[in-house]
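Please open the structure in your viewer and keep the selection panel at hand. The stops below say what to select next and what is there.

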Amino acid sequence: MKHPSNRTFFAYWDEKRDGERAPDRRVIEPSAVRQLLGDIFVLSYEPERGYPFRVAGTRICALLDRDLKGENFSTLFAAASRAQITDMLGIVSDELLVAVAGLTATERNGSLAHFELLLLPFNNRTHTPTSLTGLLAPMQPSRQPVIDFTLTSWRYLNHPPQRFVPRALKKLEIARGFMVYEGLR
């Protein structure tokens with residue numbers, strides 16, 4: 001990650017997951033990342049609508065010159081990148097992988113603006129919609145609204161090693177020398 005805001009948000013998310021693959025959405029406290037809230041967003045997954053914004057930071061809304069609540073995330077991207085970003089969102093939410101992407105967008109005056117996108121999954125719970133969070137960080141300040149994000153690069157971060165608790169195997173003798181070992185399923 002190149003942008004300090006993305007590194008800070010990732011460190012907070014990593015601390016909250018406490019050795020799991022992803023933290024529960026309820027443990028993320030907005031007050032802990034107060035200085036980043038303008039660049040943070042939360043997406044949910046709805047089969048008929050894709051990944052609409054549940055929450056979008058004020059700097060993101062100002063950057064795109066509109067309120068994003070309820071808008072599908074992939075509509076922010078140029079047609080050539082929509083399938084790739086939708087696949088990336090699916091991998092992040094289904095596989096619980098972290099994704100970091102480089103983006104470009106076109107400003108009103110026609111020049112290019114560069115961004116770094118961080119996508120972080122939340123732990124999937126039964127009877128709750130799948131959701132994920134992220135941060136869109138401009139690499140240099142942009143004074144004008146932008147349109148048509150394009151993916152320029154991306155990568156996924158590996159899962160951390162999970163903690164395993166050593167288990168003791170218990171032997172039980174059943175009928176005539178038949179041994180049953182209790183342990184893993």
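Select Phe41, Phe53, Ile60, Phe73, Leu76, Phe77, Leu103, Leu117, Leu136 and Phe149: these residues line the largest cavity. A cavity is a set of points on a 1 Å grid over the protein atoms alone where a 1.4 Å probe fits but cannot get out, and a lining residue has an atom within 4 Å of a point. The largest cavity holds about 40 Å³ of space, a volume being the space filled by probe spheres set on the points, with grid points joined across faces, edges and corners. In the whole structure, 1 cavity of 30 Å³ or more is found. Its lining has 10 nonpolar, no polar and no charged residues. Here Ala, Val, Leu, Ile, Met, Phe, Trp, Tyr, Cys and Pro count as nonpolar, Asp, Glu, Lys and Arg as charged, and the others, Gly among them, as polar.

This is a predicted model, in which local features need pLDDT of at least 70, side-chain atom pairs count only at pLDDT 80 or more, and totals for chains, interfaces and linings use all residues. Residues are numbered from 1 along each chain as its sequence is written, and side-chain values use heavy atoms, with hydrogens and water left out.

Next, show the sheet. Its 6 strands form an open sheet in the order β2-β1-β5-β4-β3-β6, with antiparallel pairing. Strands (E, at least two residues) and helices (H or I, at least four) are DSSP runs numbered from the N terminus, and two strands pair if DSSP finds at least two bridges between them. At the edges are β2 (53-56) and β6 (146-157), each pairing on one side only.

Zoom in on β1 (residues 40-44), which pairs with β2 over 3 bridges in the antiparallel sense. Phe41 has Ala56 in β2 as its bridge partner. Contact means heavy atoms within 4.5 Å.

In strand β6, pick Thr152. Not counting residues up to four places away in sequence, Thr152 touches Gly102, Leu103 and Thr104. Thr152 and Phe115 are 37 residues apart in sequence and 9.8 Å apart in space, C-alpha to C-alpha.

For the last stop, colour by pLDDT, the predictor's confidence in each residue, from 0 to 100. The chain averages 87, and 85% of the residues score at least 70. Select residues 168-175, where the pLDDT is below 50; this stretch has 15 contacts in the model beyond near neighbours in sequence. Where pLDDT is low, the predicted coordinates should not be read in detail.

How values were computed:
On a 1 Å grid over the protein atoms alone, a cavity is a set of points where a 1.4 Å probe fits but cannot get out, and a pocket is an open set with protein on both sides within 12 Å along at least five of seven lines; lining residues have an atom within 4 Å of a point.
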